[in-house]
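Here are my notes on this one, as numbered points. Have the model open while you read.

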Amino acid sequence: MRTQRVQEMAMVLAILVCQLSWWAPSFAQGRPDIVWMAGGHESHVNSVAFSPDGQYLASGSGDSTIKVWRVSDGALVRTLTHGGYVHSVAFSPDGQYLASSSHDNTIKLWRVSDGAEVRTLTGHTWYVYSVSFSPDGQYLASGSRDGTIKLWRVSDGALMGTLAGHTGWVFSVSFSPDGQYLASGSRDRTIKLWWVSDEAEVRTLTGHTWYVNSVAFSPDGQYLASGSGHYDSTIKVWRVSDGALVRTLIGHTWVVSSVAFSPDGQYLASGSGDRTIKVWRVSDWALVRTLTGHTGSVNSVAFSPDGQYLASGSRDATLRLWRVSDGALLRYYDQETYIERWGVLSVQFSPNGRFLGYGRLDATVVLARNPFWREGDVNGDGCVDDTDLLAVLFAFGQSGAGLPEDVNGDGVVDDADLLEVLFNFGSGC
Ligand SMILES: [Ca+2]
Ligand SMILES: [Ca+2]
């Protein structure tokens, strides 16, 4: 059946290639394209995360719950009650689990398929700020206000080790792309690098003169970037192999709240309390662009999976979408119920770049369409090609809400989606 379909479609492709004229997307600025807005939380939304298959968006809130939303229509799939203020949420790489960290000093692990609470990880003695899965999904790391990082085995919840040494709150933890290292940023003004295999400290990176709010590894694992608080306001770039300070990136005039590398590793973006986003070139660490326009602190920045766009969420209650190549502001998603600087706290692109999800201080979760997503780019690499065609063929006949291969979003992967891919074939490549 499928083989016959493939043959039929190959014929259609041949006909289409003869008939198609070049299709060029329009990049004109236009109306925000909000797919849905959901207001079920009772307190601010601190953290949002897409499931790896792009079907769900999870939101963690100060109301002590996590809500799981269906991306396709904004339906509330389930509400998970943690029991304390929820700081962060993260999906496991295989999409089976959702982890949440809370002010009740615990981490909870939930099964995505039925919302069952798989286990509660206890041991921290103060708020758990951040939680992160290792790239292979075997481990979970948690950073706490108690000054420690704990490493847990996902399969049985065993505590593999407590990484002690920081003398201040641990704000953020991150695994290196190869899963060998764990980095932690602390209020004690240092970053520590740890071996995951034996839970030992590799080294302490010193030099920041104020709190280290965020850390991020470059996609190739070579560098670690750290963003610091307002009496420092710099980003430092470290070489992971020997801990050498590669560069101090100077320019922000207030707290650096978030740092993010582009997926292709060419750029580093930083969001700041000085209301700007800065884009740095990794090859020479030059400041290539300062994105201005926000009228409040920038809380969160995220690159699109194809690396061409940057989304920023701010305390000014807007979400902005920028083009990396020239710094143009392309979209401006305003909050219609503007009251007392109800800001955007967390923003994420869906795994294939089709959507933007963000959580706001006014308890709302928003899903917006990325207007520059290339129709038919199933895997989100910015190019519509064989890979996307194969993905649709492979998923042919599947039905369900929010399947990434369901290009036209009608709930079934069929001829229509194949045609969409064929119609846009070659776009962006
Ligand atoms: Ca693609
Ligand atoms: Ca479809």
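1. How many Å separate the centres of domain 1 and domain 2, taken over C-alpha atoms? The answer is 33 Å. Domain 1 is made of 2–27 + 375–423, and domain 2 is 34–369; bounds like these come from an automatic or database domain assignment. The contact between them draws on eleven residues of domain 1 and 14 residues of domain 2, where two residues are in contact if their C-beta atoms, placed from the backbone, lie within 7 Å. On the domain 1 side, the touching residues are four nonpolar, five polar and two charged.

2. Residues are numbered from 1 along each chain as its sequence is written, while chains are lettered from A and ligands numbered from 1 in the order in which they are written.

3. On confidence, the mean pLDDT (the predictor's confidence in each residue, from 0 to 100) is 90 for the protein, with 91% of its residues at 70 or more. Residues 16–30 are the stretch to watch: pLDDT stays under 50 there, and the model gives them nine contacts beyond four places in sequence. Where pLDDT is low, the predicted coordinates should not be read in detail.

4. Now the overall build. The protein has three helices and 32 strands, counted as DSSP runs numbered from the N terminus (helices are H or I, at least four residues; strands are E, at least two). Its radius of gyration is 22 Å, which agrees with the value near 22 Å for a compact globule of 429 residues; the radius is taken over C-alpha atoms, and the globule rule is 2.2 Å times the number of residues to the power 0.38. The C-alpha atoms fill a box of roughly 65 × 45 × 45 Å along the principal axes. Of the contacts with a separation of 6 or more, 47% join residues 24 or more positions apart.

5. Buried residues are 50% of the 429. A residue is buried if 20 or more other C-beta atoms lie within 10 Å of its own, exposed if 12 or fewer, and partly exposed in between, with C-beta atoms placed from the backbone.

6. Helix H2 (residues 386–394) is worth a look. Asp388, Ala391 and Val392 are buried, and the buried residues line one face of the helix because they fall within an arc of 95° seen down its axis. The arc is that of the directions from the helix axis to the C-beta atoms. Helix H3 (415–423) is included in what covers them. Asp386, Thr387 and Phe394 are exposed on the other side of H2.

7. Leucine 393 is also in H2. Leucine 393 is partly exposed, with 18 other C-beta atoms within 10 Å. Its C-alpha atom is separated by 8.7 Å from that of glutamate 405, twelve residues apart along the chain.

8. Finally, check two backbone angles. Most residues other than glycine have a negative phi. Asparagine 105, in the loop between strands E7 (97–102) and E8 (107–111), has a positive phi near 70°. Alanine 317 also has a positive phi, near 70°, and is found in the loop between E27 (309–314) and E28 (318–323). Asparagine 105 counts as partly exposed, with 18 C-beta neighbours inside 10 Å, whereas alanine 317 counts as buried, with 24.

Definitions and conventions
This is a predicted model: local features need pLDDT of at least 70, side-chain atom pairs count only at pLDDT 80 or more; totals for chains, interfaces and linings use all residues. Ala, Val, Leu, Ile, Met, Phe, Trp, Tyr, Cys and Pro count as nonpolar, Asp, Glu, Lys and Arg as charged, and the others, Gly among them, as polar.
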